[in-house]
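Me: I have a model open and would like to learn how to read a few of its features. Could we go through them one at a time?

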Amino acid sequence: LTISQSLGGLLGAVLGGFLADRGRRSTLILSVTLYGVSTTFKAFLSNDITFFFAFVAEGLSWGILLTLYSFVIWGDLANSKNVAKIYSIGLIGFYATMGVGHLSSILLEIDILTSALISCLIIFLSYLPIILAPELLSTDIQEKNKIKKYMHTVKKIADKTDDQ
């Protein structure tokens with residue numbers, strides 16, 4: 001299972017790089033969905049074949065996330081003057097959460113079903129900011145929202161002018 005997860009991670013890292021060039025949002029959604037599906041399979045279906053596919057999907061997910069959060073996002077935010085600072089700040093969060101995850105698995109000894117259900121809950125709740133954040137909407141929807149806001153402002157000004 002570890003080998004299948006590692007191969008999935010390798011494939012996910014390569015796939016994440018190619019997909020990130022086409023769109024960051026869709027790549028992130030794909031990765032989060034793969035992780036949610038893999039943990040769901042591990043929680044509810046317990047046979048060797050589903051575990052194999054769940055671990056491959058989890059590896060793909062982590063490979064894509066590693067590419068996005070280790071290389072793509074911090075590279076987009078950095079410029080030639082602050083590249084080391086931006087990468088170090090960004091990667092501190094990634095490695096700190098990995099450490100907390102490893103530490104909690106050692107100290108708490110949670111069974112796999114509880115761990116998978118908690119992971120699923122966290123993953124599916126993480127979709128809310130993706131869905132609700134206006135800057136993550138498609139450009140067409142962003143333009144429509146800007147036009148609606150502009151029309152609302154124009155209407156307010158027209159109503160104010162009519163009252164005077």
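Me: How many residues apart are Phe51 and Phe55 in helix α3?

Reply: An α-helix has 3.6 residues a turn, so residues three or four places apart point the same way. This model is predicted. In helix α3, Phe51 and Phe55 are four residues apart, which means about one helical turn separates them.

Me: How is a pair such as Phe51 and Phe55 described, and what kind of aromatic pair is it?

Reply: A pair of aromatic rings is described by the distance of the centres and the angle of the planes. For Phe51 and Phe55 the centres are 6.4 Å apart and the planes are at 40°, a tilted pair.

Me: Is Phe51 buried or exposed? And Phe55, buried or exposed?

Reply: The cut-off for buried is under 20% relative accessible area. Phe51 has 17%, so Phe51 is buried. Phe55 is buried as well, at 15%.

Me: How many aromatic pairs are there?

Reply: The count is three aromatic pairs. One of them joins Tyr35 and Trp62, with 5.6 Å from centre to centre and 75° between the planes, which makes the pair edge-to-face.

Me: Which helices hold Tyr35 and Trp62?

Reply: Tyr35 belongs to helix α2 (residues 24-44) and Trp62 to helix α3 (residues 48-77). The pair therefore ties together parts that are 27 residues apart in sequence. Tyr35 is buried, at 14% relative accessibility, whereas Trp62 is partly exposed, at 40%.

Me: What is the span of α3, and where is its kink centred?

Reply: Compare the span of a helix with the expected value, then look for a bend. With 30 residues, α3 reaches 42 Å from its first C-alpha to its last, close to the 44 Å expected at 1.5 Å a residue. Its kink of about 35° is centred on Leu68.

Me: Which residues make the nonpolar surface patch?

Reply: Val37, Phe41, Phe44, Leu45 and Leu117 make the patch, about 430 Å² in area. Helix α2 gives the most, with three residues. Leu117 is in helix α5 (residues 112-125), and at 38% relative accessible area Leu117 is partly exposed.

Me: How many helices and strands does the protein chain have?

Reply: There are seven helices and zero strands. Along the sequence, the pattern of the protein chain reads α-α-α-α-α-α-α. The chain has 164 residues, of which 27% count as buried.

Notes:
Residues numbered from 1 in each chain as written. Predicted model: local features only at pLDDT ≥ 70, side-chain atom pairs only at ≥ 80, totals over all residues. Heavy atoms only, no water. Phe/Tyr/Trp six-rings, centres within 6.5 Å; stacked < 30°, edge-to-face > 60°. Helix = DSSP H or I, 4+ residues; strand = E, 2+ residues; numbered from the N terminus. Buried < 20%, exposed > 50% of the residue type's maximum accessible area, 1.4 Å probe, protein only. Patch = residues over 30% accessible without salt bridge, like charges linked within 9 Å, V, L, I, M, F, W, Y side chains within 5 Å. Areas by Shrake-Rupley, 256 points an atom, 1.4 Å probe, with all protein chains shown as cover. Salt bridge = Lys/Arg side-chain N within 4 Å of Asp/Glu carboxyl O. Expected span 1.5 Å × (residues − 1). Bend = angle between axes of the 7 residues up to and from the residue.
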